[in-house]
Amino acid sequence: MEAANLSVAATAIALPLGPEASRSSPSSSGVLRSAPGGAALPGRESPFSVFTMLVVTLLVLLIAATFLWNLLVLVTILRVPAFHRVPHNLVASTAVSDILVAALVMPLSLVNELSAGRRWRLGRSLCQVWISFDVLCCTASIWNVAAIALDRYWTIKRHLQYTLRTRRRASGLMIALTWALSALIALAPLLFGWGEAYDSRLQRCQVSQEPSYAVFSTCGAFYLPLGVVLFVYWKIYKAAKFRFGRRRRAVLPLPTTVQVKEAPHQAEMVFTVRRPTVAFQMSGDSWREQKEKRAAVMVGILIGVFALCWIPFFLSALISPLCACSLPPIWKSIFLWLGYSNSFFNPLIYTAFNKNYNNAFKNLFTKQR
């Protein structure tokens with residue numbers, strides 16, 4: 001999505017600050033250097049501040065952690081035969097999209113953040129490739145979350161009709177539609193001339209600001225899947241509450257007096273039990289229902305984090321082109337990287353609620369040793 005300038009210090013490189021700004025004159029490269037007496041001399045760039053270096057370090061760590069954690073999940077799914085089924089194929093699709101975000105999108109976004117004046121200096125072709133992968137991978141990651149929510153809903157609501165074979169076909173169809181729709185949204189500007197990503201005059205690279213494309217892309221990439229996951233989770237909550245509410249323990253009272261005879265034709269020995277005995281019969285589906293309850297909680301947290309990470313960015317992405325206004329660059333960057341961080345949280349959430357992943361991780365590292 002649109003990369004914005006994260007560092008105020010980076011902006012200050014090209015802008016004279018302070019009371020002596022009126023006496024500063026730009027050099028041919030647009031870089032200022034202050035001399036004694038307040039004069040500005042060309043040829044020397046201002047160094048990054050400590051705060052800027054700290055932020056850059058955190059972003060580099062975020063990129064590395066997002067890539068490695070999703071790669072670990074993907075390798076585990078591919079190498080463990082028990083994971084070669086639904087819903088792990090949906091998780092694998094999510095991991096692929098998040099790996100691509102970390103490998104192809106976030107590094108170039110960081111480079112753009114650090115450039116003075118947020119100028120894109122890598123050429124028009126690379127700009128178009130970067131923007132296309134940005135929209136493609138982020139949209140696919142979002143729709144994969146919606147697919148996981150749909151799969152969980154059908155498992156709880158229609159657990160008898162939603163057989164393993166049906167589930168496999170449905171998940172394959174959802175994965176194909178996810179990537180097809182994401183590709184359509186990402187390539188629409190290139191295929192149909194729907195705005196331009198690169199501005200050679202301003203040296204700016206961003207998602208097309210054409211108002212009609214802004215509505216199409218934000219609705220297709222976020223607002224539609226957001227509506228799907230909110231509706232689905234509401235239905236999951238109602239279905240789970242209804243099913244768990246019906247679960248009861250069957251109470252079977254035994255006779256208050258039990259007589260035990262030692263043997264026929266001999267003196268009878270009778271033992272009398274005066275205390276009533278109660279037997280509890282647990283439902284046969286209790287383990288299954290507990291598993292579904294944990295999965296429902298996992299999907300709820302996944303949806304909540306997804307919404308919190310992406311809502312600020314997509315609100316600004318929709319409103320800015322329509323009103324021809326713009327947020328301050330620092331807020332654009334915060335919203336952008338908050339959205340990117342969703343690719344880091346996804347694997348943490350769905351592995352934290354599945355002990356099989358933790359065991360598989362341990363076995364994977366043990367075998368490597």
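Reader: Which helices each supply at least two residues of the nonpolar patch?

Author: In this predicted model, helix H3 (88–114) and helix H4 each supply at least two residues of the patch. Helix H4 gives the most, with three residues.

Reader: What makes up this nonpolar surface patch?

Author: The patch is made by Leu104, Val111, Leu122, Leu126, Val129 and Phe133, and covers about 450 Å².

Reader: Why does phenylalanine 133 count as partly exposed?

Author: Phenylalanine 133 lies in helix H4. Its relative accessibility is 32%. Buried means under 20% and exposed means over 50%, with partly exposed in between. Phenylalanine 133, at 32%, therefore counts as partly exposed.

Reader: How do you know that cysteine 127 and cysteine 205 form a disulfide?

Author: A disulfide requires two cysteine sulfur atoms within 2.5 Å. The sulfur atoms of cysteine 127 and cysteine 205 are 2.0 Å apart, and the two residues form a disulfide. This pair links distant parts of the chain: cysteine 127 is in helix H4 (residues 124–157), cysteine 205 is in strand E2 (residues 204–205), and they are 78 residues apart.

Reader: Why is the disulfide of cysteine 127 and cysteine 205 called right-handed?

Author: The torsion about the S-S bond of this pair is about 100 degrees, so the disulfide is right-handed.

Reader: Are cysteine 127 and cysteine 205 buried or exposed?

Author: The cut-off for buried is under 20% relative accessible area. Cysteine 127 has a relative accessibility of 0% and therefore counts as buried. Cysteine 205 has a relative accessible area of 1% and is therefore buried.

Reader: What makes cysteine 323 and cysteine 325 a disulfide?

Author: Their sulfur atoms are 1.8 Å apart, and the limit is 2.5 Å. The pair therefore forms a disulfide. By this rule the count comes to two disulfides. With bonded cysteines counted along the chain, the disulfides follow the pattern 1-2, 3-4.

Reader: Why is the disulfide of cysteine 323 and cysteine 325 called left-handed?

Author: The torsion about the S-S bond of cysteine 323 and cysteine 325 is about -45 degrees, so this disulfide is left-handed. As for accessibility, cysteine 323 has a relative accessible area of 38% and is therefore partly exposed. Cysteine 325 has a relative accessible area of 38% and is therefore partly exposed.

Reader: Why does threonine 76 count as buried?

Author: Threonine 76 is found in helix H2 (residues 50–79). Its relative accessibility is 1%, and buried means under 20%. Threonine 76 therefore counts as buried. Not counting residues up to four places away in sequence, threonine 76 touches Phe83, Ala360, Phe361 and Leu364.

Reader: Which residues of the largest nonpolar core touch the most other members?

Author: Of the 73 residues in that core, they are Met106, Ile131, Phe306, Trp310, Trp337 and Tyr340. Helix H4 gives the most to this core, with 16 residues.

Reader: How many helices and strands does the chain have, and what pattern does the chain follow?

Author: The chain has ten helices and four strands. Read along the sequence, the pattern is α-α-α-α-α-β-β-α-β-β-α-α-α-α. Of the 369 residues of the chain, 40% count as buried.

Notes
Residues are numbered from 1 along each chain as its sequence is written. This is a predicted model: local features need pLDDT of at least 70, side-chain atom pairs count only at pLDDT 80 or more; totals for chains, interfaces and linings use all residues. Side-chain values use heavy atoms; hydrogens and water are left out. Buried means under 20% relative accessible area, exposed over 50%, partly exposed in between (1.4 Å probe, protein chains only). Contact means heavy atoms within 4.5 Å. A nonpolar core is a set of buried Ala, Val, Leu, Ile, Met, Phe, Trp, Tyr and Cys residues joined through side-chain atoms within 4.5 Å. Patches are made of residues with over 30% relative accessible area and no salt bridge: like charges are joined within 9 Å, nonpolar side chains (Val, Leu, Ile, Met, Phe, Trp, Tyr) within 5 Å. Accessible areas come from the Shrake-Rupley method with a 1.4 Å probe; for residues, only the protein chains shown count as cover. A salt bridge is a side-chain nitrogen of Lys or Arg within 4 Å of a carboxyl oxygen of Asp or Glu.
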